[in-house]
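I opened this model to look up its pockets and its aromatic pairs. My notes follow.

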Amino acid sequence: MASPDQELVPLLDKNGVRLTVDGAIATVTLNNPAKRNAQSPAMWRTLAEAGQLVPGSVRVVVLRGEGKSFSAGLDRQMFTPEGIEGEPSFIELARSSDAQLDAAIAEFQDGFTWWRRNDIVSIAAVQGHAIGAGFQLALACDVRVVADDVQFAMRETSLGLVPDLTGTHPLVGLVGYGRALEICVTGRSVLAEEAVSSGLANLAVPAEQLDDAVRDLAGAIAAAPRDAVIETKALIRGAVDRTYDEQRGAERAAQARRLRDLAGLGE
């Protein structure tokens, strides 16, 4: 897969994460293909930093991985007694207090939370393996466009762990409770056809067309009036937690704001 951001000067480029901006579209690239974009706490902190650095002018954020895999998940060195240099090992984390352990996991999650904020639409371009933390990072985005060689898998349970990087809520919302549970506890692979038919992915294309498909989608989103997109995203994000009548009220309030803004009467 080509690197559409390779000619742009990055705003951030460290710990396997590169952030570039081209007008209204930002691209976050996992750029450690030699390790299949395996993830570490340093990468998660950098992903959170990327969210803070995205300019306010950006409308769409594309998330992609260099090489044959989107992300093969957690760097397995984390499971060794020595862990990753400069990071606490799993054993050290387990020995910390309840508050310290909760704070550490919350910090890990920070790199996965900003993708759904209302002022942007995030698109994950996923090819090859998206395993564990890689699967959850794709789930952190609003939309997923996948290559026909994609292999989603949630392998945490097979390692004696649970998915804890914000992936369970969107997974249940996309594919339903029964399928989400089965995917997680078996660790099986979800391929492109099932990903689209189950609602996990919006679109599947041949691998060589992935960049073009994502670019077309990002352009179409960026072309729509920004404030209308923000209001619409907020409406749809909140719908799952509202009753039908509450959602009707939210629609009315949002439309009133849009009408007044279009008439030049907004606050």
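I began with the largest pocket, which holds about 730 Å³ of space. My pocket search ran on a 1 Å grid over the protein atoms alone: a pocket is an open set of points where a 1.4 Å probe fits, with protein on both sides within 12 Å along at least five of seven lines. Lining residues have an atom within 4 Å of a point. The volume is the space filled by probe spheres set on the points, which are joined across faces, edges and corners.

I found 24 lining residues; Arg116, Asp142, Pro170, Ile236 and Arg237 are the closest to the centre. Helix 3, helix 5 (168-175) and helix 9 (226-239) each give two or more residues to this lining. Helix 9 gives the most, with six. Helices here are DSSP runs (H or I, at least four residues), numbered from the N terminus.

The model is predicted: local features need pLDDT of at least 70, side-chain atom pairs pLDDT 80 or more, while totals for chains, interfaces and linings use all residues. Residues are numbered from 1 along each chain, and side-chain values use heavy atoms, without hydrogens and water.

Next I searched the whole structure for aromatic pairs and got five (ring centres within 6.5 Å, using the six-membered ring for Trp). I noted Trp44 and Phe112: centres 6.2 Å apart, planes at 65 degrees, so edge-to-face (over 60 degrees). Trp44 sits in helix 1 (residues 41-53) and Phe112 in helix 3 (residues 98-113), 68 residues apart.

Terms used
Phe/Tyr/Trp six-rings, centres within 6.5 Å; stacked < 30°, edge-to-face > 60°.
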